[in-house]
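Welcome! Have a look at the chain shown here, and then we will walk through some of its parts together.

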Amino acid sequence: MTCAVRESGGGWWCSGVRWPGEVPELGWSRGGRRRVSVLAYGADLGFRAVGERHCVGARGNVCPLGAVVPGRSTGGRCAECARLDRAHSVAADTMADDPRTYRVYLAWFGPGLVKVGITGEERGAARLREQGAVAFSWLGRGPLMAARRTEEVLRAALGVPDRIPYARKRVERGHLPGADERAAEVAELYARAAALEGRGWPESLERLPLEVVDQVGIFGLGRAPEAEAESGPVPLPVSAPVRAVRELVDGGVVAGRLVAAAGPDLHLAVTGGGVVVLDTRLITGWDLAAESGSDVRVPLIDIGGGGVQGGLF
């Protein structure tokens with residue numbers, strides 16, 4: 001099975017990984033039209049970048065300048081579209097009268113790597129999957145400003161951030177402890193947060209009970225990629241990804257077998273038995289042509305080490 005890639009020249013641009021449910025999808029856009037390609041672990045995924053990378057626009061609107069953007073930009077937007085997109089986000093605190101209910105969550109990405117955040121209740125756990133949270137628990141629910149206030153109180157009192165760089169998440173994702181240890185760290189943070197009730201915790205925020213949700217299975221982490229043999233698929237040893245795509249270039253190829261996905265990242269088993277991480281935020285705005293095989297010919301970077309592998313690989 002091959003994960004679909006829209007053919008070059010059709011005007012369809014990839015909008016990255018979506019997590020509307022427990023199965024990842026690649027989103028595609030052309031003007032106001034939207035499509036998705038459902039991804040499956042064990043399936044082949046491959047494409048070749050064509051031409052230049054252009055701004056993806058903002059809030060569903062096409063960039064009026066058709067601006068060319070850098071290959072390493074994870075936003076994929078020009079400065080003006082990035083400003084417009086940010087201005088209408090929940091994080092911008094410009095929606096104080098938002099009538100919807102929001103939830104505060106505690107997310108775990110690795111040992112000692114936890115954060116607090118908020119998301120619209122109607123979105124369920126989609127936000128946690130989009131961020132690549134390995135485990136999480138809800139903490140409370142209520143109006144937007146109460147949720148935002150709780151987030152600020154927890155950051156200040158517990159010393160937990162509201163943002164964690166994806167590079168840190170990738171390093172920890174390759175060396176995860178067992179499920180019990182993951183759950184215990186979330187529970188410990190929950191207890192510390194719950195103890196703050198009555199001390200800056202807004203009265204309008206309802207505390208929710210501890211319920212640790214582990215997403216290792218959803219993400220496919222820890223699964224062994226398979227190699228084809230005459231007798232059928234043969235599991236390969238599990239190996240943590242050590243390289244990630246730094247950027248796409250005109251004519252650059254990324255192709256392999258999808259073995260895991262977390263947040264915007266796709267883990268691809270490639271020729272030689274290694275696993276390469278592709279941050280799909282880097283492929284937005286590119287015209288992509290379908291490519292078969294198992295090959296990576298774009299600049300890569302070492303995960304965690306900081307060393308850049310120059311040239312095309």
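## A hairpin to begin with

In which sense do β1 and β2 pair, and over how many bridges? β1 and β2 pair in the antiparallel sense, over 5 bridges. Strands count as paired if DSSP finds at least two bridges between them. Gly16 stands opposite Gly27 in β2, and the two strands form a hairpin with 6 residues between them. On its other pairing, β2 joins strand β3 (residues 33-38) in the antiparallel sense over 6 bridges, with Ser29 opposite Arg34 in β3.

β2 is mostly covered, as 5 of its 6 residues are buried. Here, buried means under 20% relative accessible area, exposed means over 50%, and partly exposed lies in between, using a 1.4 Å probe and protein chains only.

## What kind of model this is

This is a predicted model, in which local features need pLDDT of at least 70 and side-chain atom pairs count only at pLDDT 80 or more, while totals for chains, interfaces and linings use all residues. Residues are numbered from 1 along each chain as its sequence is written, and side-chain values use heavy atoms, with hydrogens and water left out.

## The whole chain

The secondary structure comes to 6 helices and 19 strands. Both are DSSP runs numbered from the N terminus: helices are H or I with at least four residues, and strands are E with at least two. Of the 313 residues, 47% count as buried.

Contacts also tell us about the fold, a contact being heavy atoms within 4.5 Å. Among contacts between residues at least 6 apart in sequence, 66% join residues at least 24 apart.

## Strand β7 and its partners

Strand β7 (residues 135-143) is mostly covered, with 7 of its 9 residues buried. Which strands pair with β7? Strand β5 (residues 101-110) is joined to β7 by 8 bridges, strand β9 (residues 213-214) by 2 bridges, and strand β8 (residues 206-207) by 2 bridges. The pairing of β7 is antiparallel with β5, with β9 and with β8.

You can find these pairings residue by residue. Ala135 in β7 stands opposite Trp108 and also opposite Asp214 in β9. Gly140 stands opposite Arg207 in β8.

The buried residues of α4 are Tyr166, Lys169, Arg170, Glu172 and Arg173. They pack against several elements, including β5, β6 (113-120) and α2 (126-131).

Rolling a probe the size of a water molecule over the atoms shows where empty space is left. A pocket is an open set of points on a 1 Å grid over the protein atoms alone, where a 1.4 Å probe fits, with protein on both sides within 12 Å along at least five of seven lines; lining residues have an atom within 4 Å of a point. The second largest pocket has a volume of about 300 Å³, a volume being the space filled by probe spheres set on the points, which are joined across faces, edges and corners. Of its 16 lining residues, the closest to the centre are Ala167, Arg170, Ala244, Val245 and Ile301.

α4 (166-173), β12 (243-245) and β18 (300-302) each supply at least two residues of this lining, and the largest share, 3 residues, comes from α4. The lining divides into 7 nonpolar, 3 polar and 6 charged residues. Nonpolar covers Ala, Val, Leu, Ile, Met, Phe, Trp, Tyr, Cys and Pro; charged covers Asp, Glu, Lys and Arg; the others, Gly among them, are polar.

## A few residues up close

Is Thr280 buried or exposed? Thr280, in the loop between β15 and β16 (287-290), counts as buried at 1% relative accessibility. Not counting residues up to four places away in sequence, Thr280 touches Gly16, Val17, Leu26, Pro264 and Leu266. The side chain of Thr280 reaches the backbone nitrogen of Val17 at 3.2 Å.

Compare two glycines in loops. Gly21 lies between β1 (13-18) and β2 (25-30) and is partly exposed, with a relative accessible area of 24%. Gly222 lies between α6 (216-219) and β10 (226-229) and counts as exposed at 62% relative accessibility.

Definitions and conventions
A polar contact is a pair of N or O atoms within 3.5 Å; within protein, one must be able to donate a hydrogen and the other to accept it, and residues adjacent in sequence count only if both atoms are side-chain atoms.
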